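Here are my notes for a first look at this entry. Please keep the sequence and the 3D view open while reading.

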Amino acid sequence: MAADPNKFGIFVTSPQHMRHILGLTRAAVHAGKKVMIFFTFKSVHLTKNPDFYTLTQLCDLEDVAICADSYICEGFDNVNDVPRGLTDKQMRTQAFHGAILDECAKYIVM
Amino acid sequence: MSGDTMKILQVYKSEPTDDVKKLVEILNRDRDADEFKLYIGEPNYDILIQKIFANDKTVCWW
Amino acid sequence: MESLKVYILIANRVYNDGIRSGLGLAVENHYSFPVIMNGEFPRMSNYMAENIAWIADMEGEVLSCGADAPTDLPEGTEITNISLEELGERMREADFIIPYGLPKQSHEPPGACSE
């Protein structure tokens with residue numbers, strides 16, 4: 001699949017930049033772009049940030065995902081504690097990151 | 001890629017270390033390079049998005 | 001689908017998960033190059049050793065920049081030393097460069113998390 005020139009991907013690897021993630025997502029949506037976001041490793045703690053739900057509302061449901069293995073490794077319950085704004089289908093593998101690289105014309109690491 | 005020269009954007013979430021500066025110097029060589037510092041004041045994310053979409057490649061350092 | 005060259009830079013001992021993330025891309029048919037910076041090596045569990053070997057099987061490579069890789073790695077597990085200049089030159093050909101997780105800490109880990 002050729003990358004979509006109007007899609008922007010964010011790969012979140014750090015647990016401390018929610019302000020930038022939200023700011024970039026708002027700006028991208030304002031510019032008419034669709035945003036795909038994947039949270040991995042310790043960044044899954046950001047799902048507990050009140051801004052996480054706000055973030056999910058700026059994107060299509062299927063475009064935000066978290067690494068299920070990371071979520072479990074960090075001690076969270078992937079069945080009874082699905083973050084607000086996600087469904088259990090958005091508990092994904094690193095393949096979602098691969099999809100971001102394939103589908104998004106522009107990309108940033110947070 | 002637009003034109004002959006690659007356009008590369010270096011984004012910094014914190015003050016770059018000497019290692020990062022050296023890598024950026026190599027990556028930027030013979031390229032049309034720009035930068036954006038996220039660690040100073042209130043970043044203008046609209047401008048950052050414009051820059052990201054205007055460049056061929058973005059590297060966002062720690 | 002095009003196979004992409006991806007460099008994942010690991011500057012902090014806590015973030016060697018970047019190797020697992022690199023393997024995730026390798027199994028998606030991308031060329032994955034996790035780079036351990038300045039000696040921030042992972043604890044060499046069987047899981048970690050297998051991941052490093054698997055990345056090599058998938059035509060990627062785990063690199064060490066700024067410190068010599070340990071010489072007592074399990075059989076089949078290779079980490080290749082590379083200088084900062086070589087890394088920069090190689091990354092000019094990268095499709096994606098991913099500084100992973102957090103930067104290097106200014107302090108050595110306390111006893112509570114050093115092992």
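In what order do the elements of chain A run from the N terminus on? The points below start there. Please note that this is a predicted model.

1. **Chain A, order of elements.** From the N terminus on, chain A reads β-α-β-α-β-α-β-α-β. That comes to four helices and five strands. The radius of gyration is 13 Å, close to the 13 Å that the globule rule gives for 110 residues, so chain A is as compact as a globular protein of that length.

2. **Chain A, extent and burial.** Taken along the principal axes, the C-alpha atoms of chain A fill a box of roughly 35 × 30 × 20 Å. Of the 110 residues in chain A, 48% are buried. Look also at the contacts in chain A with a separation of 6 or more: 81% of them are between residues 24 or more positions apart.

3. **Chain C, order of elements.** Chain C has three helices and five strands. Read from the N terminus, its order is β-α-β-α-β-β-α-β.

4. **Chain C, extent and burial.** The box for the C-alpha atoms of chain C is roughly 45 × 30 × 20 Å along the principal axes. Buried residues make up 41% of the 115 residues in this chain. Take the contacts in chain C between residues at least 6 apart in sequence: 73% join residues at least 24 apart.

5. **Chain B against chain C.** Here 10 residues of chain B are in contact with 13 residues of chain C. Which elements of chain B give two or more residues to the side that touches chain C? They are α1 (18–28) and β3 (57–61) of chain B. α1(B) gives the most to this side, with five residues. By class, the side of chain B that touches chain C has seven nonpolar, one polar and two charged residues.

6. **α1(B) on α3(C).** A helix pair can be picked out between these two chains. The axes of α1(B) and helix α3 (residues 84–91) of chain C come within 8 Å, and they cross at roughly 40°. The two helices are therefore oblique to each other. The crossing of α1(B) past α3(C) is right-handed.

7. **Residues of that pair.** From α1(B) come B:D19, B:K22, B:L23, B:I26 and B:L27. They meet C:L84, C:E85, C:L87, C:G88, C:E89 and C:M91 in α3(C). By class, the contact of α1(B) with α3(C) has six nonpolar, one polar and four charged residues.

8. **Chain C against chain A.** This contact takes 14 residues from chain C and 15 residues from chain A. On the chain C side, the elements giving two or more residues are α1 (17–26) and β5 (96–100). The side of chain C that touches chain A has eight nonpolar, four polar and two charged residues.

9. **α1(A) on α2(B).** Chains A and B also bring helices together. Helix α1 (residues 18–30) of chain A packs on helix α2 (residues 45–54) of chain B at an angle of about 65°, with the axes 8 Å apart. α1(A) and α2(B) are therefore roughly perpendicular to each other. α1(A) passes α2(B) in a right-handed crossing.

10. **Residues of that pair.** The α1(A) residues are A:G23, A:L24, A:R26, A:A27, A:A28 and A:H30. Facing them in α2(B) are B:Y45, B:D46, B:L48 and B:I49. The contact of α1(A) with α2(B) divides into six nonpolar, two polar and two charged residues.

11. **B:D30, a backbone point to check.** Most residues other than glycine have a negative phi. Phi of B:D30 is positive, near 60°. B:D30 is found in the loop between α1 and β2 (32–37) of chain B. Is B:D30 buried or exposed? B:D30 is exposed, because 8 other C-beta atoms lie within 10 Å.

12. **C:N29, a second one.** C:N29 is a residue other than glycine with a positive phi, near 75°. C:N29 is found in the loop between α1 and β2 (31–37) of chain C. With 13 other C-beta atoms within 10 Å, C:N29 is partly exposed.

Notes:
Residues numbered from 1 in each chain as written. Chains lettered and ligands numbered in written order. Predicted model: local features only at pLDDT ≥ 70, side-chain atom pairs only at ≥ 80, totals over all residues. Contact = placed C-beta atoms within 7 Å. Nonpolar A, V, L, I, M, F, W, Y, C, P; charged D, E, K, R; others polar. Axes fitted to C-alpha atoms, helices over the stretch in contact; angles between N-to-C directions. Parallel < 35°, antiparallel > 145°, perpendicular 65-115°, else oblique. Left-handed = near helix turned anticlockwise from the far one by under 90°. Buried ≥ 20, exposed ≤ 12 C-beta atoms within 10 Å, placed from the backbone. Rg over C-alpha atoms; globule rule 2.2 N^0.38 Å.
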